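Please look through the sequence and the model below before reading on. The paragraphs after it are meant to be followed with the structure open.

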Amino acid sequence: MGGRAILFPTIFFFYHIRCIIMDRRNILLWASAVPAAIASAQGRYNVVYIMTDDHTAQMMSCYDNRFVKTPNLDRIAADGVKFVNSYVANSLSGPSRACMLTGKHSHKNGFTNNEHGIFDGSQQTMPKLMRKAGYQTALVGKWHLVSEPTGFDYYNIVPGQGDYYNPDFITMKGDTVREDGYVTNIITDKAIDWMENKRDRAKPFILFIHHKACHRCWLPEMKYIREYEDRTFALPETFYDDYEGRPAAAAQEMEIGNNIHMDIVYDTKMYSPGKQTRLTDSYLSMIGRLNSRDRADYDYFYDSLTTDFERRNLSGKELAEFKYQRYMRDYAKVLKSLDDNVGRTLKYLEESNLLDSTLVVYTSDQGFYMGEHGWFDKRFMYEESYSTPLVMRLPDGLNARGDIREMVQNIDYAPTFLDIAGVPVPEDMHGVSLLPLLEGKHPKNWRKSLYYHFYEYPAEHSVKRHYGVSTADGWKLIHFYDDIDHWELYDLNNDPQELHNMYARPGMEKITKRLMKELVKLQKEYDDQDALKLNDSFKGE
Ligand code: SGN
Ligand code: CA
């Protein structure tokens with residue numbers, strides 16, 4: 001177990017002596033037996049886990065320089081590591097959060113989709129295990145798992161998706177309290193307030209800061225409402241994808257150019273009185289939360305854009321590209337507040353002398369389409385939404401730096417934090433601890449493939465159910481099922497945009513067979529019995 005439980009220099013010596021005679025469970029018992037003041041001094045790292053909503057690597061400058069600058073997010077990576085092969089197990093908010101909390105794929109944690117799920121809070125979760133091991137546990141922001149959070153000493157969460165302007169928060173007493181301000185600032189205020197005033201300083205802590213930003217419909221903080229308006233963002237090469245050979249991609253409802261999918265009022269804010277679209281009412285109720293002064297400023301800004309837009313009477317490609325620019329600009333504005341607030345969080349940690357004893361994690365609940373394939377939203381196992389940003393600022397003693405290429409998934413976060421706390425990782429967790437990677441090691445037997453399963457269909461955006469496998473050497477096999485039965489195979493080294501479905505093409509037999517074998521291996525390992533039964537239509541054995 002070597003250096004897995006982390007100690008600060010003062011007790012380093014004693015720790016190593018103890019390691020010789022104790023296994024990890026014994027260390028845990030030892031830790032919980034010592035008085036609280038010593039327990040914190042025993043040097044287990046704190047964890048600050050910052051998770052945003054729908055923030056994708058294309059919009060984070062340390063991953064992709066084309067669109068925006070995110071200096072504070074980039075700082076996390078610059079002082080630590082950036083995972084360049086980071087993925088989710090099910091590209092949707094609730095399921096992703098459940099995977100993170102449990103370290104298990106959706107079919108085992110039970111929360112397979114947002115629309116019918118209630119997270120079973122009585123099950124084993126990482127925060128519960130951390131708490132049992134002497135950590136203070138706190139959660140601020142988006143929860144989205146319907147049931148009451150369990151395993152937290154403190155929580156203050158937004159109902160459902162939450163609101164950008166003057167949002168409501170649910171307290172531990174069950175009260176709903178409306179707070180003045182912009183959601184990203186308020187969530188950060190609450191997180192800092194917990195660290196400064198509410199926690200038990202004798203204990204190490206894990207704090208989950210779950211931002212609402214940058215979820216649809218991308219409502220900016222008032223001070224940034226005019227940002228990015230002079231920018232014209234380059235259109236992704238695949239914006240006019242024809243979805244040839246990909247019927248599930250053709251059947252989705254998340255096209256920027258489609259006025260039913262992307263609403264001209266709700267999503268692009270081109271509202272004028274009396275204009276009724278499917279989502280006008282939702283939009284008006286969201287911006288109706290602004291106070292009258294901000295509302296006047298908001299209207300002044302978007303009304304003039306709307307007047308100009310209506311005068312131009314755009315259609316076809318011109319309209320699609322206009323919507324794309326509006327989408328990119330508003331998303332970038334929301335991100336600007338987010339980046340500021342991650343900066344504030346880092347500054348607080350630094351000024352409180354916590355930075356060097358804290359693992360700071362920044363990630364998103366999934367990736368997102370910024371016009372690739374003509375889309376917004378997520379869900380698909382295609383790269384943009386299957387991947388998720390993951391950067392970590394490492395505390396003293398963890399020496400990895402730069403890019404980490406090993407394949408990692410959001411089921412790994414729970415084992416990682418447990419490992420850092422010196423808690424044995426339960427055998428029934430699917431994920432693996434990333435701690436060796438943070439220590440600068442590159443274990444030879446690191447996993448070479450990942451499993452994915454998406455369930456939410458029929459539902460908004462109409463992305464069909466699918467599961468699949470992706471491999472470290474750049475191949476991906478996907479099976480869309482339910483009211484379709486369709487397989488796709490991608491060679492990411494030669495087709496990174498996943499435009500050419502190679503399944504059943506001559507010459508692909510060997511690789512297809514290998515991927516299928518890998519897929520079945522993972523389905524058995526994770527015991528996804530339902531998916532195993534759906535493999536019958538596979539051709540290529
Ligand atoms: C809402 C959005 C969808 C989005 C889901 C899931 N529609 O339903 O566009 O895909 O959330 O997002 S909206 O009209 O209500 O904005 S998730 O990130 O929470 O999973
Ligand atoms: Ca999300």
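This is a predicted model: local features need pLDDT of at least 70, side-chain atom pairs count only at pLDDT 80 or more; totals for chains, interfaces and linings use all residues.

What follows turns to the surroundings of the ligand and then to the aromatic rings.

Several side chains place polar atoms beside oxygen atoms of the ligand. For Lys378, an N or O atom of the side chain is 2.8 Å from an oxygen atom of ligand 1, while a polar side-chain atom of Lys142 lies 3.1 Å from an oxygen atom of ligand 1, and in the case of Gln366 the corresponding distance from a polar side-chain atom to a ligand oxygen atom is 3.5 Å. Ligand 1 taken alone exposes 460 Å², and 86% of that area is buried by the protein.

The aromatic rings give another way to read the model, since a pair of such rings is described by the distance of the centres and the angle of the planes. The structure holds 39 aromatic pairs, one of which is formed by Tyr243 and Trp375: their ring centres are 5.7 Å apart and their planes stand at 20°, under the 30 degrees that count as stacked, so this pair is stacked. Tyr243 belongs to the loop between strand S8 (205–210) and helix H9 (247–251), whereas Trp375 belongs to the loop between strand S9 (358–364) and helix H13 (383–386), and the pair therefore ties together parts that are 132 residues apart in sequence.

Key:
Residues are numbered from 1 along each chain as its sequence is written. Chains are lettered from A and ligands numbered from 1 in the order in which they are written. Side-chain values use heavy atoms; hydrogens and water are left out. A polar contact is a pair of N or O atoms within 3.5 Å; within protein, one must be able to donate a hydrogen and the other to accept it, and residues adjacent in sequence count only if both atoms are side-chain atoms. Accessible areas come from the Shrake-Rupley method with a 1.4 Å probe; for residues, only the protein chains shown count as cover. Rings of Phe, Tyr and Trp (its six-membered ring) pair if their centres lie within 6.5 Å; planes under 30 degrees apart count as stacked, over 60 as edge-to-face and the rest as tilted. Helices (H or I, at least four residues) and strands (E, at least two) are DSSP runs, numbered from the N terminus.
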